[in-house]
Amino acid sequence: MTVKFPLLQVPLINIFPSSTRIFRHRRFIYMASQSYFDSPPAATTDYPVPLSPPLPAFSKDIEPNRALTASSKSALFSLSRSHVIFEDEWIIAVNKPQGIYCESVLSSLPDLLNDTGANVSELHLANRLDRDTSGVMLITKLHKVAAKFVKAFTDHKVRKTYLAYCVGLAPKWEKITVKSGHGRSKYGAWRVYAASDAGRKLPGGSLVKDMETSFEVLSVNGLGCFKEVSDLHKDEDVVIVQEKSVIGCDLKKDEILVRASPRSGRTHQIRLHCQYLGIPIRGDVRYEGVYEWKGSRYDSHELHAESLSFEHPITGKPMLLQAPLPSWAIQPLRSQFD
C-alpha cells in the first residue's frame, strides 16, 4: 500500500536582505543534493578500461598492518657482511631481506662501508625492490656509475630474473611471455590494461605504458627441476593482452614455482602478470594471492629477485649476480638440494 502525504504549503518569507544571498543559498543546496544523491554525469573522455580487477576488500585491512610491521623492522635493520653478494670500488650488491624497505638498506650501508674507508657520499640505488620482495639489490658508489646504470636499465641492457611461489591452476604452458599495458588512475591501484592502450591517457593525466614479462615453470606441486638462468624467450608462447583474462584466480589448487624475467620495469609488474595468468603469488593479498593456505598464514608475498646480469659499467666484464635462494623456493625442489 502506498501512502501519499499532502504537500505542505509554506509561505516564502524573505529573511535575507538580498535576493543574491537567497540565490546562492538555493544553489548550494542544489549542488549538495546533486553530489550526494544524483549519479555522476557520463564521462566525456573515452578512457582505457582496466583488464585486471580492483584491490580485494580484505587487502585494505591487511596491507596497512604489513606496512607498520615493515616500518618497525626497517627502523632496526642494519646491514652485515653476510648480506653482501658482490663488492668492488664502484658497486656493491646485497641480498635484501623480505619485509625491509629499500631506503633502510641504503641508509644502513654507510656504517658497513665506513670500515673499509670507502666514499659514502654518492651512494645510489640502481634498482628497487618492493617491501616484501627479497633478493639482489644493486647500489652504486659514484654518481658517474649511477648514470651509466640508468642508461643500461633504460636500454634494456640489464637482465633481471625473479622466483615466485604461486597458488592457482597449474598452467599448460612451460614458457610464456605476456605483453600488456600498465597504469593507474589518479589515487587508484596499479592495473593491467590492453597492450593496444599503451600511450593512452588515464583519469588524472597519467599514461598507460607497455609491460612485458617472460615466465618459465620450474615446479608444480613439488615436481620439477631447478634450471639455471637461461634464455626464457626460446620456445615460448606469447600472449598479447587485449581483453580480460579467462582464467580466474579463485581456482586455488596447485602450487607453482615460476621464474620471471621482466623486460620493462613497471611497478608490481610480475605480481600483476601472475594475477592475469591465474597464478597469483602466495601471500600477495593485493593481487588475489592466498593469505591462508594449508593451515598457514602468509604475512608477505613470496617473490625473490634471483639475479641481475649486465656488463660492468667500468671494466666492461660480463657480470652475473645471484642471491641465495629463500627457503620457500628450495622447499619444492628439496630433492635436488638434499
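The structure is a predicted model, in which local features need pLDDT of at least 70 and side-chain atom pairs count only at pLDDT 80 or more, while totals for chains, interfaces and linings use all residues. Residues are numbered from 1 along each chain as its sequence is written, and side-chain values use heavy atoms, with hydrogens and water left out.

The secondary structure of the protein chain comprises 7 helices and 15 strands; helices (H or I, at least four residues) and strands (E, at least two) are DSSP runs, numbered from the N terminus. Of its 338 residues, 43% count as buried, where buried means under 20% relative accessible area, exposed over 50%, and partly exposed in between (1.4 Å probe, protein chains only). Among the contacts in the chain with a separation of 6 or more, 72% are between residues 24 or more positions apart; a contact means heavy atoms within 4.5 Å.

Helix α3 (residues 102–113) has 12 residues and spans 17 Å from its first C-alpha to its last, close to the 16 Å expected at 1.5 Å a residue. The expected span is 1.5 Å times one less than the number of residues in the helix. Buried residues of α3 include Cys102, Val105, Leu109 and Leu113. The buried residues of this helix pack against α2 (59–76), β1 (84–87), β2 (91–96), β3 (124–125) and β4 (134–140).

Grid points are joined across faces, edges and corners, and a volume is the space filled by probe spheres set on the points.

The largest pocket has a volume of about 890 Å³. Its lining has 33 residues, of which Arg128, Leu129, Asp130, Gly265 and Arg266 lie nearest the centre. Two or more lining residues come from each of α3, β3, α4 (143–154), β5 and α5 (269–276), and α5 gives the largest share, 3 residues. The lining divides into 11 nonpolar, 11 polar and 11 charged residues; Ala, Val, Leu, Ile, Met, Phe, Trp, Tyr, Cys and Pro count as nonpolar, Asp, Glu, Lys and Arg as charged, and the others, Gly among them, as polar.

The second largest pocket holds about 300 Å³ of space. Of its 14 lining residues, Trp173, Ser245, Val246, Ile247 and Leu277 are the closest to its centre. This lining has 10 nonpolar, 1 polar and 3 charged residues.

The search of the whole structure finds 1 cavity of 30 Å³ or more, and the space in the largest cavity is about 40 Å³. Its lining includes Asn127, Leu129, Lys160, Tyr162 and Ser307. Both β5 (159–168) and β14 (303–311) supply at least two of the lining residues.

Lys160 also takes part in a polar contact: its backbone oxygen lies 3.1 Å from a polar atom of the side chain of Ser261. A polar contact is a pair of N or O atoms within 3.5 Å; within protein, one must be able to donate a hydrogen and the other to accept it, and residues adjacent in sequence count only if both atoms are side-chain atoms. Ser261 is in strand β11 (residues 254–262) and is buried, because its relative accessible area is 8%. Lys294 is placed in the loop between β12 (292–293) and β13 (296–297). Lys294 counts as exposed because its relative accessibility is 65%, and its side chain makes a polar contact of 3.2 Å with that of Glu255.

Conventions
On a 1 Å grid over the protein atoms alone, a cavity is a set of points where a 1.4 Å probe fits but cannot get out, and a pocket is an open set with protein on both sides within 12 Å along at least five of seven lines; lining residues have an atom within 4 Å of a point.
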